[in-house]
Amino acid sequence: MSLKRNLSKELPLVVLLILVFLAGYGLASFQGKRLQITKELDSFHREILIAFRLLDQYTGQCDVQKHINFSDYIVHANNKYALVLNKANGFPYYLGLSASRDHDNSIYEFNERVSESRAELLKCNNQTSVVETHQIQIILPKYMGKYKQQMTEFAQVGGDNPFQSVEMTHQVLIQEVEAKALAQRIAQTMLTDGFVVAGEVSDFNIDNGTAYIVFGMDEDGWAGVSVAMAEIRPLVELNLLQYPEINKVHFGRKPE
């Protein structure tokens, strides 16, 4: 009888000890997982910062091909960075709000830096003192991030088209650039999400003052391609209308 009493008294203590052990183990496991994913996020951040040093070098050297290849690599790494951050915000990691906000800001800033770097690369043809009779310019938004945000909202929500009020930069191209090539450069500059190939011109014709143009994205789209088109098409039209032989731009194939 006394043995049963002793067991009944000791049982709650045993249960309590087990619960304390499990709670401690769970806390240690949680802290370990959070530390692991924090290190992974920090590694992405550090790797991308180092990569920008090389990208800036390619920009300064006007090495277009290396710049395109390496900027694609940075965009891909930044997309993975964003995926890891999204995972870190949920179970079982629950990254702190302050750390999550810092990483989210870094991801946004890295995308902006790629856009600015690609825009800077377009200025390479402006490094000579020769002056042509008819000067074609590359016209791009002065504030790329703001422009993308405005056109995204317009594409998704509607309302007044903000394009006419966008402040632009104008860089004179001294070397002669065909209209098709300029259209492709504009499109690929705007594609910052790793879809540069979608900015390639697959069909281009000029007939009776109208330029007919088809991009890769027009034939092989993706979720959100309408936003990319909203950003790219008005810029392409604005730039192509500089050519004396073009007074209208149509996005599509020339009618048979």
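1. Two strands pair if DSSP finds at least two bridges between them. Strands (E, at least two residues) and helices (H or I, at least four) are DSSP runs, numbered from the N terminus. With that in hand, look at strand β4 (residues 210-215): 4 bridges join β4 to β5, and the two run parallel.

2. A quick word on the ground rules. This is a predicted model, where local features need pLDDT of at least 70 and side-chain atom pairs count only at pLDDT 80 or more, while totals for chains, interfaces and linings use all residues. Residues are numbered from 1 along each chain as its sequence is written, and side-chain values use heavy atoms, with hydrogens and water left out.

3. The protein averages 78, and 78% of the residues score at least 70. Among the elements, β4 has the highest mean (94) and helix α1 (residues 2-61) the lowest (65). Go carefully with residues 24-30, where the pLDDT is below 50. Residues 126-133 are also below 50.

4. Now the inside. A nonpolar core is a set of buried (under 20% relative accessible area, 1.4 Å probe, protein chains only) Ala, Val, Leu, Ile, Met, Phe, Trp, Tyr and Cys residues joined through side-chain atoms within 4.5 Å. The largest one has 39 residues, and Ile213, Phe215, Val236 and Leu240 touch the most other members. Elements giving it two or more residues include β1 (136-141), β4, α7 (225-240) and β5. The largest share, 7 residues, comes from α7.

5. Which residues does Leu240 contact, leaving aside neighbours within four places in sequence? They are Ala179, Ala183, Phe204, Ile246 and Val249, where contact means heavy atoms within 4.5 Å. There is also a second, separate core of 19 residues, with Phe52, Leu55, Phe70 and Val114 among them.

6. Finally, helix α3 (residues 97-121). The axes of α3 and α4 (lines fitted to C-alpha atoms over the stretch in contact, with angles from 0 to 180 degrees between N-to-C directions) come within 10 Å and cross at roughly 105 degrees. So α3 is roughly perpendicular to α4, a label for angles of 65 to 115 degrees. Tyr108, Glu112 and Ser115 in α3 meet Met144, Gly145 and Lys148 in α4.

Terms used: Buried means under 20% relative accessible area, exposed over 50%, partly exposed in between (1.4 Å probe, protein chains only). pLDDT is the predictor's confidence in each residue, from 0 to 100. Angles under 35 degrees count as roughly parallel, over 145 as roughly antiparallel, 65 to 115 as roughly perpendicular and the rest as oblique.
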